[in-house]
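Hi there,

I'm passing on the structure we talked about, so please have a look when you get a moment. My notes on the aromatic rings and the nonpolar cores follow it.

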Amino acid sequence: MNEPLTMSRPGISFSGKTHNNHPQWYNQPLRLTNEQKSDPLLVLDDFFECYHLNDVRQLLWQWFSVMITSQRGIAIDPLDHDNHLFFYEKIEGIIEVAYVMKRKIHKQRLRSEKRKSKKGNQPEKSQPVNEPEQPNSHKSKPILEVNNKEDTFDKPKELVEHVNENPLYVITEVFKTYGWKGNEPLAYLRDQLRDWLFVAISADTAIYEEGEQRKQLLYFHEQLQVLIEAIFLINLKNAGKESLKDQDNVGDKPRLLTQEQIINPMQVVTGFFEKFPMVYIIRELNDWLEAGIAYGGGYPDNMSELQVLYTYRNVLCLLKAANRLLSYQILPIQS
C-alpha cells in the first residue's frame with residue numbers, strides 16, 4: 001500500500017524529501033503554495049534572486065560529477081551513467097527555459113503597466129500613507145471592504161511588497177521619504193548609510209568581530225553607495241527630469257559615478273548584481289541591521305536604533321526594486 005509522506009497534509013507544502021508513490025500526489029506539485037500555483041513567476045523570481053544562471057549550472061555539474069564518480073554512487077554501470085547524463089542535460093535545459101520565461105513575462109507585464117499608465121491608471125489602489133510624524137513609514141492605506149467573515153486578519157501592504165508589479169514606484173517612494181521637510185534625498189541617505197556603518201562596525205558584537213567580515217562589509221557599503229547614485233538617476237528619469245541639469249540640489253549630484261555611468265546608470269545596476277548575489281545581499285543586510293541595533297554607545301545625530309531599522313527597510317526596497325529593473329531593461333539616462 002502506498003502511504004503519503006509523513007506529517008503531510010493537503011494544502012501544506014513539503015520540506016525535505018517529496019518523492020513518494022502515493023497516487024494523490026504522484027503527478028501534483030508538492031512544494032508550491034496556492035499563491036505560487038496562481039502566479040508561478042513568484043517562484044522563478046525567488047529562485048533567480050538567490051542563484052545566477054551560471055551558479056545553477058555549476059551546482060548541477062558538481063552533483064552530477066560526484067554521483068558518477070563515487071564508488072558508492074547510484075550510477076554504477078555505463079547504462080546508468082547514460083541515463084543520468086540524459087536527465088542532467090534535460091534538467092539544465094528546464095532551468096534555462098525557466099530563466100527565459102521569467103524575463104519574457106516581466107517584459108510583458110512592463111508593457112501592460114505602461115499601457116495602463118498612459119490611460120491614467122494608478123500603480124496600486126492601495127497608496128502609501130505619508131505621515132509627517134513618521135516619515136520613514138512603509139505602510140500603505142488599507143482597502144476598505146465589506147467582509148461578512150467574523151475573524152478576518154489583514155494589514156496594509158509594505159512598500160517592499162509593491163516591487164514585483166512596479167519597482168519604479170517603490171524607488172520613487174523611498175526617495176520621497178528622504179526628501180521629507182526639504183531634505184536632499186540622496187545626500188540624506190548617504191549620511192544615513194555612513195552613520196549605520198559606523199555604529200555597526202563599532203558595536204560590541206561578534207558579527208563583525210573578525211577583520212575579514214568588516215572588510216567585506218566596508219566593500220559592500222562602498223559599492224552600495226555607487227548603486228544608490230545610479231538608482232537615484234534612474235528615478236530622475238522616471239520623474240521626467242531628462243538630465244542632471246534639471247536637478248537643483250547640490251547634495252544630490254552623483255559623486256562616485258563616472259561620466260559613462262551617469263549616461264547609462266543601468267550598467268551600474270547590472271554590474272552590482274553580477275558581483276553580489278541576492279542571497280548574500282539579504283544575509284549581509286540582516287547582519288548589518290543586527291549590529292546597528294546592538295550598538296551600545298551614543299548614536300550620531302539623526303541616527304538611532306529605530307532609524308537603523310528604517311534605513312535597512314529603505315535600502316532593502318531599493319535593492320529589490322533595482323534587481324527587478326534588470327528584467328525590465330530600463331533605457332539609459334541621457335545627460
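**Aromatic rings and nonpolar cores**

Trp196, Tyr219, Phe220, Phe272, Phe273, Phe276, Tyr280 and Trp288 form a cluster that is linked by ring pairs. Please keep in mind that this is a predicted model.

Searching the whole structure turns up 15 aromatic pairs. One of them joins Phe175 and Phe232: the ring centres are 5.0 Å apart and the planes stand at 75 degrees, so this pair is edge-to-face. It connects distant parts of the chain, with Phe175 in helix α5 and Phe232 in helix α7, 57 residues apart. Phe175 counts as buried because its relative accessibility is 4%, under the 20% cut-off. Phe232, at 3%, counts as buried too. Phe272 and Phe273 also make an edge-to-face pair, with 5.2 Å between centres and 80 degrees between planes, and both of these residues are buried.

Now to the cores. The largest nonpolar core has 61 residues, and those touching the most other members are Trp196, Phe220, Leu224, Ile281, Leu285, Trp288 and Leu319. Two or more residues each come from α5 (167-178), α6 (185-202), α7 (211-238), α9 (266-275), α10 (278-294) and α11 (305-328). Helix α7 gives the largest share, 12 residues.

Another core, of 10 residues, lies apart from the largest one and includes Leu44, Phe64, Tyr88 and Ile95.

Best wishes

Note on methods
Residues are numbered from 1 along each chain as its sequence is written. This is a predicted model: local features need pLDDT of at least 70, side-chain atom pairs count only at pLDDT 80 or more; totals for chains, interfaces and linings use all residues. Side-chain values use heavy atoms; hydrogens and water are left out. A nonpolar core is a set of buried Ala, Val, Leu, Ile, Met, Phe, Trp, Tyr and Cys residues joined through side-chain atoms within 4.5 Å. Buried means under 20% relative accessible area, exposed over 50%, partly exposed in between (1.4 Å probe, protein chains only). Helices (H or I, at least four residues) and strands (E, at least two) are DSSP runs, numbered from the N terminus. Rings of Phe, Tyr and Trp (its six-membered ring) pair if their centres lie within 6.5 Å; planes under 30 degrees apart count as stacked, over 60 as edge-to-face and the rest as tilted.
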